Amino acid sequence: MGDHKEQPLRVGAAVRRRRRSLELTLAVVAERSGLSVPFLSQIENDRARPSTSSLEKVADALRTTAVELLAAADPACSVDVVRAELVEAGPEPRSRSLVRGHHQMHASEFTGDHEAGREFQYRNDQLMYVADGAVEIEAEGRAYRLGRGDTLYLTGGVRHRWRATVPDTRIVVVAVAEHIEAVRNRRR
């Protein structure tokens with residue numbers, strides 16, 4: 001029994017996200033692709049699996065490629081365990097991804113300090129959780145001090161930087177993946 005099992009991809013959600021990001025109706029995509037509205041609806045709801053030819057027609061209608069739609073597809077169902085690394089704690093900062101593969105969410109764990117002057121800006125929303133220690137986060141011109149168990153939520157586009165204020169601080173950052181069109185026209 002393994003920790004990870006590959007499942008077939010569900011391309012429907014990727015088609016729907018792309019269509020909505022272009023602000024197109026199913027009728028427009030049907031006209032551009034030569035496929036019927038009911039069939040496109042079935043694809044988007046994962047009730048029909050398009051042939052390669054049909055997927056290419058849909059991709060052309062959405063001004064993308066079949067490869068890009070497949071890359072943005074969701075696994076039908078996915079269970080993935082990422083085991084903790086058996087690494088001795090030390091003075092060097094460490095980071096590790098808590099999620100493998102191409103998913104709608106990304107999570108990372110940071111232990112120790114890092115380049116405190118480094119500024120971050122993510123396209124989509126993120127949540128920072130202090131698992132151990134304490135951090136100071138500067139965002140939108142304000143400083144926030146967080147301790148163990150505290151969280152900070154940042155909407156997409158917010159420029160921020162952080163630094164550990166206690167040795168062996170550990171934070172977890174969970175964010176909507178960069179390839180997801182979760183934010184549209186947000187003021188900055």
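Me: Where is Asp168 found?

Reply: Asp168 sits in the loop between strand S10 (159–164) and strand S11 (170–176). Strands here are DSSP runs of E with at least two residues, helices are runs of H or I with at least four, and both are numbered from the N terminus.

Me: Before we go on, what kind of model is this?

Reply: This is a predicted model, in which local features need pLDDT of at least 70, side-chain atom pairs count only at pLDDT 80 or more, and totals for chains, interfaces and linings use all residues. Residues are numbered from 1 along each chain as its sequence is written, and side-chain values use heavy atoms, with hydrogens and water left out.

Me: Thanks. Back to Asp168: what is its phi?

Reply: Asp168 has a positive phi of about 60°, although it is not a glycine. Most residues other than glycine have a negative phi.

Me: And why does Asp168 count as partly exposed?

Reply: Asp168 counts as partly exposed because its relative accessibility is 49%. The cut-offs are under 20% relative accessible area for buried, over 50% for exposed, and partly exposed in between, using a 1.4 Å probe and protein chains only.

Me: What about Glu140, where is that one?

Reply: Glu140 is in the loop between strand S7 (134–139) and strand S8 (142–147). Its phi is near 55°, a positive value in a residue other than glycine. Glu140 counts as exposed because its relative accessibility is 61%.

Me: Now Thr169, is it buried or exposed?

Reply: Thr169 is buried, with a relative accessible area of 1%. It is found in the loop between S10 and S11.

Me: Which residues does Thr169 touch?

Reply: Leaving out residues up to four places away in sequence, Thr169 touches Phe110, Thr111, Gly112, Asp132, Gly133, Ala134, Val135 and Ala164. Contact means heavy atoms within 4.5 Å.

Me: What does the side chain of Thr169 reach at 3.2 Å?

Reply: The side chain of Thr169 reaches the backbone oxygen of Ala134 at that distance. A polar atom of the Thr169 side chain also lies 2.5 Å from the backbone oxygen of Val166. A polar contact is a pair of N or O atoms within 3.5 Å; within protein, one must be able to donate a hydrogen and the other to accept it, and residues adjacent in sequence count only if both atoms are side-chain atoms. The C-alpha atoms of Thr169 and Ala134 are separated by 6.0 Å, with the two residues 35 residues apart along the chain.

Me: Zooming out, how many helices and strands does the protein chain have?

Reply: The protein chain has five helices and eleven strands. Buried residues make up 35% of its 188 residues.

Me: Which residues touch the most other members in the largest nonpolar core?

Reply: Those are Val11, Val15, Leu40, Val58 and Leu69, out of 17 residues in that core. Helix H2 (26–33), helix H3 (37–44), helix H4 (52–61) and helix H5 (66–71) each supply at least two residues of this core, and H4 gives the most, with four residues. A second, separate core of 13 residues includes Phe120, Ile137, Leu154 and Trp162. A nonpolar core is a set of buried Ala, Val, Leu, Ile, Met, Phe, Trp, Tyr and Cys residues joined through side-chain atoms within 4.5 Å.

Me: Last topic: how many cavities of 30 Å³ or more does a search of the whole structure find?

Reply: The search finds one. On a 1 Å grid over the protein atoms alone, a cavity is a set of points where a 1.4 Å probe fits but cannot get out, and lining residues have an atom within 4 Å of a point.

Me: Which residues line the largest cavity?

Reply: The lining is made by Gln121, Tyr122, Asn124, Gln126, Leu154, Thr155, Gly156, Gly157, Val158 and His160. They divide into three nonpolar, seven polar and no charged. In this grouping Ala, Val, Leu, Ile, Met, Phe, Trp, Tyr, Cys and Pro count as nonpolar, Asp, Glu, Lys and Arg as charged, and the others, Gly among them, as polar.

Notes: On a 1 Å grid over the protein atoms alone, a cavity is a set of points where a 1.4 Å probe fits but cannot get out, and a pocket is an open set with protein on both sides within 12 Å along at least five of seven lines; lining residues have an atom within 4 Å of a point. Grid points are joined across faces, edges and corners, and a volume is the space filled by probe spheres set on the points.
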